Amino acid sequence: QGSTPALGFTKPDFCSLDSKIIDDGCDLTFDSINQINSLIRPYLIDLIEQDYFKYFKIDLSKNCPFWDNENDKKCASQNCVVDIIEDINEISNLPFYLKNELITNLSKLDSKNNLNQEDQFLDKLIGEDCQKKKYDSYLFSKDYCDTNEESSLNSVYVNLQDNPERFSGYGGPQSNQIWTSIYLENCFTKEVSSENEHLANNLNFMSRIDDQCLEKRVFYRIISGLHASIATHLSNEYYNPLAQNWEPNLQLFMQRVGYFPDRLSNIYFNYALIVKSILKLSKFSDHLNICNSKVIQDKINKIADLLTNNSSIDIFHEQLLFLEDSYESIYLKQEFKSKFRNITEIMDCVGCERCKMWGKIQTLGYGTALKLLFELPSLNDIDNNNYNIDDYDIDEIIGNLKRNELVALINTFDRISKSVQSINNFRIIYELEHQQQIQNTNSSLSDQFETHLVSNDSLSVNIEEAKNEIHNDINQDINQDIKDEMKDEIKDENLAETDVGIQPKIDKLDQKIPKDKPQPESNELREEIRKSNRDFSKNQFKELYETGKNRKYQSIKNKNTIHKEFKESLNEVLLEFSAAFRFILKSYVDFPSTMWKLTIWKMRELWNTFIGREEFYDSEAYKAELFDLNV
Ligand SMILES: Cc1cc2nc3c(=O)[nH]c(=O)nc-3n(C[C@H](O)[C@H](O)[C@H](O)COP(=O)(O)OP(=O)(O)OC[C@H]3O[C@@H](n4cnc5c(N)ncnc54)[C@H](O)[C@@H]3O)c2cc1C
């Protein structure tokens, strides 16, 4: 599995998605999202490399709340291990302002409270003033996931940059069970919100209506997009044991994502959803508690500005969901929330720690995005100041955002942005391999034909076979023509009345007709074939051979005519000869009687002379009668 094996290159949809609309609330095309992504990507990388977004607090020891996985084999691969920060003193490369704060904070540590040293350190990243709000907010109810993990005593700090999300080898029935339970959460009591569909249709925002309500489709796309994004990362950073390197594996990507347009589309859908949530967040950035870090605030604002100027409000229409002001709609939203919360908790059942960590970060990231999308007024209303401030507790939603939520949101944005970037890279690799494969096929065909004509190399077996096949066809045609002609002739000559009688003659004739070995081509013909070698095809080859066929046919036909003429002359000679022979034979047969007649004639002449009747003799008359040959 190390290197990328040859692919069956059928053109996949991911090469032609550019101008398509992502749908289900996202009115942008794939291409516009690609463009936005290339613009903001460098700033996003810079942001996640900041200490504030580098460290994440996580409880990796939580039990699976849904089934007993105690006896499940845990992934023992080195790639499943998470390097946790055992000692905060390990972190020596902190920026100056954070180091200062840490020292100040540590000096107050003993007298202040019983929070452990690590908590003190990370809390300092947020800022002392912000801590009260953070702990007060545990009870707020607008969350789409469990946000309390930060306060767990079992939680540890991890440096996300040291634990990249990539191929871990985790798989089989265990991971399958996790994904199955995640997708099973996509069952809602209220299946169709017809009122919502109707409104959405009128707004002309949706091009696809099926038997599911929009909320359910959105829920499914988020999960599937997350699943596809994970698959993209593990294909993009796949361990090649032969090269001992982490590298993109095109075949794996195609099998997991590339050949599934819906999965690709769901990645872009998630991108749109996260971008819209960040756009909303930026509108309330003054409520954000990123204390003591103007640098971080500025960096977030920079990305938000780029997104505002280069994407559109159409990137995601969250206002289309939970539209009705009814009990049903409120219930659907609660269900949506609790099901999403279940998904975040299923992450505790994952048997590979590294996968679990990134699974938890990303589900928390999406949970945070959903909170921003559905618990805040729409962007339009915010921009036009068209909302009742009492309906939305901005301070509670934005001000109480925990550091972990913000870190998860920004890192999830990075994950989905990296997926979009990788898809485009895979597309380039795919096109290159495709081109390479076409070139290889062309040059191998051309080489084979050239070699065959010039040197009869063994590589040309296929062409040789094709050539022989054509010669056989031609010979068969010629033989059949000649057979038919001869058959007619034999019948005409009445030498035999039936086909049975004719057959042995035809068989004999068959043996005389040249069968397989083709006549060598003339120099011109050979040259002609060589010129056309690049576009060699059996049909063209056949065409070129038509000339040969005609010439050969003609030559055999000529031979046949000479043969016939010779036979005719021979017959004539034989006839003459037989007449002569019969003449000679008849002479011999007639000889005694002729001699007898001569003797009688002579004796009568003597007798007549003896008796004195000389006038009786007419020698001319007898001559004519005796010597006129009657054959
Ligand atoms: C939370 C989590 C995080 C993980 N993180 C990593 C990681 O970082 N590195 C790593 O190497 N492995 C990770 N894994 C494992 C990885 O996701 C796969 O489960 C594993 O590689 C086995 O893949 P598979 O081919 O059996 O299909 P799976 O990916 O397990 O998929 C199971 C089935 O779901 C369907 N399916 C697949 N993709 C989609 C989609 N996008 N939308 C809808 N349906 C789909 C298909 O029918 C497929 O057969 C993680 C697993 C989980 C549950």
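**A tour of the annotated sites and the ligand shell**

Modeller: Let us begin with Trp179, which lies in helix 6 (helices, H or I of at least four residues, and strands, E of at least two, are DSSP runs numbered from the N terminus). This is a predicted model, where local features need pLDDT of at least 70, side-chain atom pairs count only at pLDDT 80 or more, and totals for chains, interfaces and linings use all residues. Residues are numbered from 1 along each chain as its sequence is written.

Colleague: Is Trp179 buried, exposed or partly exposed, and why?

Modeller: A residue is buried if 20 or more other C-beta atoms, placed from the backbone, lie within 10 Å of its own, exposed if 12 or fewer, and partly exposed in between. Trp179 has 14 C-beta neighbours inside 10 Å, so it counts as partly exposed.

Colleague: Which residues does UniProt list for "active site"?

Modeller: UniProt positions are given in the numbering used here, with feature names shortened, and annotations may be inferred rather than shown by experiment. The unreviewed entry lists Cys352 and Cys355 under that name.

Colleague: Where does Cys352 lie, and what does it touch?

Modeller: Cys352 lies in the loop between helix 12 (327-346) and helix 13 (353-375). With 23 C-beta neighbours inside 10 Å, Cys352 is therefore buried. Contact here has C-beta atoms, placed from the backbone, within 7 Å. Not counting residues up to four places away in sequence, Cys352 touches Cys75, Cys80, Ser168 and Tyr170.

Colleague: And Cys355: buried or exposed?

Modeller: Cys355 is found in helix 13. It has 24 other C-beta atoms within 10 Å, so Cys355 is buried.

Colleague: Which element gives the most to the shell around the ligand?

Modeller: In the model 21 residues surround the ligand, the closest being Gly171, Ser175, Ser224, Cys355 and Gly359. Helix 6 (172-184), helix 8 and helix 13 are the elements that give two or more residues to this shell. The most, 6 residues, come from helix 8.

Colleague: How many residues of helix 8 are buried, and how far apart are its end C-alpha atoms?

Modeller: Helix 8 is mostly covered, with 20 of its 23 residues buried. The expected span is 1.5 Å times one less than the number of residues, so helix 8 (residues 214-236) should span 33 Å. That agrees with the distance between its end C-alpha atoms, 32 Å.

How values were computed. Contact = placed C-beta atoms within 7 Å. Near = placed C-beta within 6 Å.
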